[in-house]
Amino acid sequence: MSINLTLGEKEYFPNIKQIEYEGRDSDNPLAFKFYDSEKIVSGKPMREHLKFAVAYWHTFCGTGSDPFGPGTKHFPWNVSSNQMEAAYARLDAAFEFFSKLGVDYYCFHDRDLAPEGNDANESEEYLQQLTQAAKKKQKESGVKLLWGTANLFSHPRFMNGAATNPDFNVVTYAASQVKAALDATISLGGDNYVFWGGREGYSSLLNTNMKKELDHLAIFLSKARDYGRANGFNGTFLIEPKPMEPSKHQYDFDVAAVVSFLKHYDLENDFKINIENNHATLAGHTFAHEIQTAYNFNAFGSLDINQGDPHNGWDTDEFLNNIYDAVHIMLIILNEGGLKSGGMNFDAKTRRSSTDLEDIFIGHIHAMDTLARGLMIADDILQNSEYQNLKNQRYKSFDDNKGLLFSDGKLNLEELANLASNQDEPSLSSGKQELFESIINKHIK
Ligand code: XUL
Ligand code: CO
């Protein structure tokens, strides 16, 4: 993708040129070793399989502060004390970054793009101004919006939740933000609109009417859906599950909990799921489990492709570097026909002590290479190994005869039981897990 900087604009990454594919023998940290955007894998270019999106909040807003100390990263776009000036500088830096990295998409929260104003109207006005500027940048660069969302968790007014807040006045504030963020997403042609639970959850049932809060959440989501549909949003609404943090109990615990919520409140046609790896592992699942579960229930929406630390129990939002996980999820995604209107949003940050500007490039490049490798290895496994056959073989007793009738729902319980009484003890059939694992590892090269 060509770099298009408007004349007179400051260049924020002057030492970094367009990131190119140099192949696996390259030692250049600012080059792709595996991600070759136009290379055809399984019938389409890598870029279409992977649909990478940069997370505006981590990459341009996150300066590394944590509960023990302030930010460590001095971003050149963060110098103005005028918040609107800083927001415009951040936008310039963001589009320079997207173009140099060669990604097709980005994602944002309203408050990443524009600052909070003194009241709801001023906040909306700020967001509209930045939306117009972003629209121009999208047109110049060809970069698209994968999804927009509203930050309904940082401001103290949301300390007891947004749509599920016990105070109606806070719910109206949340509505004004979602309305404005939806308007921005529609204006920027976003493919999806995300609701991550934020502080929709609780710490103690002693002071919480959970049923009332869940009803309110469903009503709020249905009104957001109605507004979006009436105003030209044809994309997908996405719920992003997370089991805990910031609340002890987040309402959108995992994919299964969200699927049952959506079905219970008749929202499943408009709302699908944005699955994040680090949230999956916090819930005690693998990323692969959550992705497969979403596909099973026709609820797959999009991915936040970060990873957590296996040794601690919070959301560390690291860039995905686990090749084994990348292979596993790509096996599922290839088998299920791809990401469709979803994409792969990094939702990852460099470590607090990674303070060089180039580190944000290196983090993204490394994750893109990891997933490109995952894609190629998974494709190789599906094309050139016994993996899929072996998996199918385990279920071969359902391919014909009575097994097929059962699968088609045509045998009742008595008929099934009669079949058992007329046959010998079933022979043991090995699950061959070790064989499956060895096939995967043989192809990781
Ligand atoms: C928080 C998280 C969010 C959402 C968007 O854990 O993942 O950044 O992705 O609000
Ligand atoms: Co996320």
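Visitor: What spacing along the chain do the donors of the cobalt ion (ligand 2) follow?
Guide: Happy to start there: the spacing is E-x35-E-x27-D-x42-D. Bear in mind that this is a predicted model. The protein donors behind that pattern are Glu240 (OE), Glu276 (OE), Asp304 (OD) and Asp347 (OD).

Visitor: What makes these residues donors of the cobalt ion (ligand 2)?
Guide: Distance decides. A donor here is an N, O or S atom within 2.8 Å of the metal. The protein donors lie 1.9 to 2.1 Å from the cobalt ion (ligand 2), so they qualify under that limit.

Visitor: Why can the pair Glu240 and Asp304 be said to tie parts of the chain together?
Guide: Glu240 sits in strand 10 (residues 236-240) while Asp304 sits in strand 13 (residues 300-304), so the pair links parts that are 64 residues apart in sequence.

Visitor: How do you know whether Glu240 is buried or exposed?
Guide: Buried means under 20% relative accessible area. Glu240 has 3%, so it is buried. Asp304, with 0%, is buried as well.

Visitor: Which residues does Asn345 contact, leaving aside its neighbours within four places in sequence?
Guide: Asp304 is one of them, and the others include Leu303, Ile305, Cys107 and Trp147. A contact needs heavy atoms within 4.5 Å. Asn345 belongs to strand 16 (residues 344-345), and its relative accessibility of 0% is why it counts as buried. Its C-alpha atom is 9.2 Å from that of Trp147, which is 198 residues away along the chain.

Visitor: Where do helix 6 and helix 7 stand relative to one another?
Guide: Two packed helices are described by the angle between their axes and the distance between the axes. For helix 6 (residues 168-187) and helix 7 (residues 210-230), the axes come within 10 Å and cross at roughly 35 degrees. Their crossing is right-handed.

Visitor: Which residues meet in that contact?
Guide: Helix 6 brings Val171, Ala174, Ala175, Val178, Lys179, Leu182, Asp183 and Ile186, and helix 7 brings Phe220, Ala224, Tyr227 and Gly228. They divide into nine nonpolar, one polar and two charged. Gly counts as polar in this scheme, so Gly228, a member of the contact, falls in that class.

Visitor: What makes Asp317 and Lys432 worth a look at their phi angles?
Guide: Each has a positive phi in a residue other than glycine: near 45 degrees for Asp317, and near 55 degrees for Lys432. Asp317 lies in the loop between strand 14 (306-307) and strand 15 (318-319), and Lys432 in the loop between helix 15 (413-421) and helix 16 (433-443).

Visitor: How do you know whether Asp317 is buried or exposed?
Guide: Asp317 has 7% relative accessibility, so it counts as buried.

Visitor: Which peptide bond is cis, and what is its omega?
Guide: The one joining Glu245 and Pro246, where omega is about 10 degrees. Pro246 is found in the loop between strand 10 and strand 11 (249-250).

Terms used: Residues numbered from 1 in each chain as written. Chains lettered and ligands numbered in written order. Predicted model: local features only at pLDDT ≥ 70, side-chain atom pairs only at ≥ 80, totals over all residues. Heavy atoms only, no water. Axes fitted to C-alpha atoms, helices over the stretch in contact; angles between N-to-C directions. Helix = DSSP H or I, 4+ residues; strand = E, 2+ residues; numbered from the N terminus. Left-handed = near helix turned anticlockwise from the far one by under 90°. Donors = N, O, S within 2.8 Å, 3.2 Å for Na, K, Ca; no water. Buried < 20%, exposed > 50% of the residue type's maximum accessible area, 1.4 Å probe, protein only.
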